[in-house]
Amino acid sequence: MKTSLLLILLLSSLHLSSQSIHVDRKDISMPGTDRVKNVVDSALNKMIRKPLIHSASIAVVFNGKEYIGHYGELEEGKKNIPNNETIYEIGSLSKTLTGMLTVKAVQDRKLNIDDDVQKYLTESYPNLKFKDRPIQIKDLLSHTSGMPNMLPSEANPILQNFTDHDTPAKLNKLYQNYQKKDFLRDLHQVRIDTVPGYKYNYSSAGTQLMAAILEKVYNVDFEKLLTDYLSENMAIENTKINLSNLELQRLAVGYHSDNKVTTFPMPILPWGASGNIKSTLPDMVKYMRFLLQKNKATAEAYRPIVNFNPEFSVGYFWNIITENEKLGTYYLHHGGVPRSQCYIYIVPKYELGFFIITNQSGNNTASIMDEALIEIFDKIIKSNNRN
């Protein structure tokens, strides 16, 4: 279990700890067994006592029941406990939603994942291929396109030094006026140095290009495509890219690296598909309930596009761990921005979904979440197996 978690950490886009903090038990909803509540409370209480961790929120869907818990303070000493109205930046979990929209486009017969991406681009991009093999849509979905992580290229060295205190300010300055037209201009400068479809190379730029294609085939703004899909299929109304002034007041503040002051949110990238979606814990519960359903949409989303080894493959932006000894086959993604990190897990074998998020983002944040999740998984599954 731990090996798989650490593997995904290495594959995440931004690899990217405070004294003991109290828990607001009044804000915990648990229309299910106290067993899950007690397990999660124990793990999250330990988590928020780790150095630099100020708060955490978690949502669990298990055997049709749900649990939402909020722990700690968003800002040390201010007693501003997160709650069900808190809006979080979910970072690269945005990619899984872009993947679901791509599933919709496939099932609507708007595109085929074997299509050359050039088919959907207005300008000519002869650079988006290696020799005679063009980048195909499936290469974007599986991070095997050979595209860089970010465009413009200046973003990549900034992210390589992610924990530097000036990284959030540098990102905000770089993307201050960076629009869709700028991305499409910079796309001409991309150089593909390997055959697409084989080598894993995590690419947020590839997700942005996928959003541009979705926008083209539907002739609808990407964010409207997203919010309409979520509303119609999951009754989700508080998950979006751009927030109103009132919604911005509910956006969680957060901490970057070991900086003791709160920092900037992630700047809005063109389309916002790779890391700019924001959500609430109740909305993430609805998303996990949808992801645990057995239907044509989820079957396609989880279909392996590229198998990298017997245990690891990638579907429609979903990381797939195959036939794990404890969990069976499960699906997950990590999300990270300068002031939050999160995980989502979908474990069909146990009808189990987890979403966990903290408003801190540094070198050790993912491993701290890993520790909490390992404890929760082990105790819930052992208890479930005894029953």
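**Close-up views of a predicted protein chain**

**View 1. The loop that holds Pro 152.** Pro 152 is placed in the loop between α4 (137–141) and α5 (155–160); helices (H or I, at least four residues) and strands (E, at least two) are DSSP runs, numbered from the N terminus. The peptide bond that joins Leu 151 and Pro 152 is cis, with omega at about 0°. This is a predicted model, in which local features need pLDDT of at least 70 and side-chain atom pairs count only at pLDDT 80 or more, while totals for chains, interfaces and linings use all residues. Residues are numbered from 1 along each chain as its sequence is written, and side-chain values use heavy atoms, with hydrogens and water left out.

View 2. Most residues other than glycine have a negative phi, and most peptide bonds are trans. Lys 131 has a positive phi, near 55°, and is found in the loop between β4 (129–130) and β5 (133–134). Lys 131 is exposed, with a relative accessible area of 65%; buried means under 20% relative accessible area, exposed over 50%, and partly exposed in between (1.4 Å probe, protein chains only). Ser 257, which is not a glycine either, has a positive phi of about 55°. The loop between β6 (255–256) and β7 (278–279) contains Ser 257, which is buried at a relative accessible area of 9%.

**View 3. Helix α9 and its buried face.** Helix α9 covers residues 222–234, and its 13 residues should span 18 Å at 1.5 Å a residue, which agrees with the 18 Å between its end C-alpha atoms; the expected span is 1.5 Å times one less than the number of residues. The buried residues of α9 are Phe 222, Glu 223, Leu 225, Leu 226, Tyr 229, Leu 230 and Met 234. Seen down the helix axis, these buried residues fall within an arc of 160°, so they line one face of α9; the arc is that of the directions from the helix axis to the C-beta atoms. An α-helix has 3.6 residues a turn, so residues three or four places apart point the same way.

**View 4. The whole chain, for orientation.** The protein chain has 13 helices and 14 strands. Its radius of gyration is 20 Å, close to the 21 Å that the globule rule gives for 387 residues, so the chain is as compact as a globular protein of that length; the radius is taken over C-alpha atoms, and the rule is 2.2 Å times the number of residues to the power 0.38. Of the 387 residues, 60% are buried.
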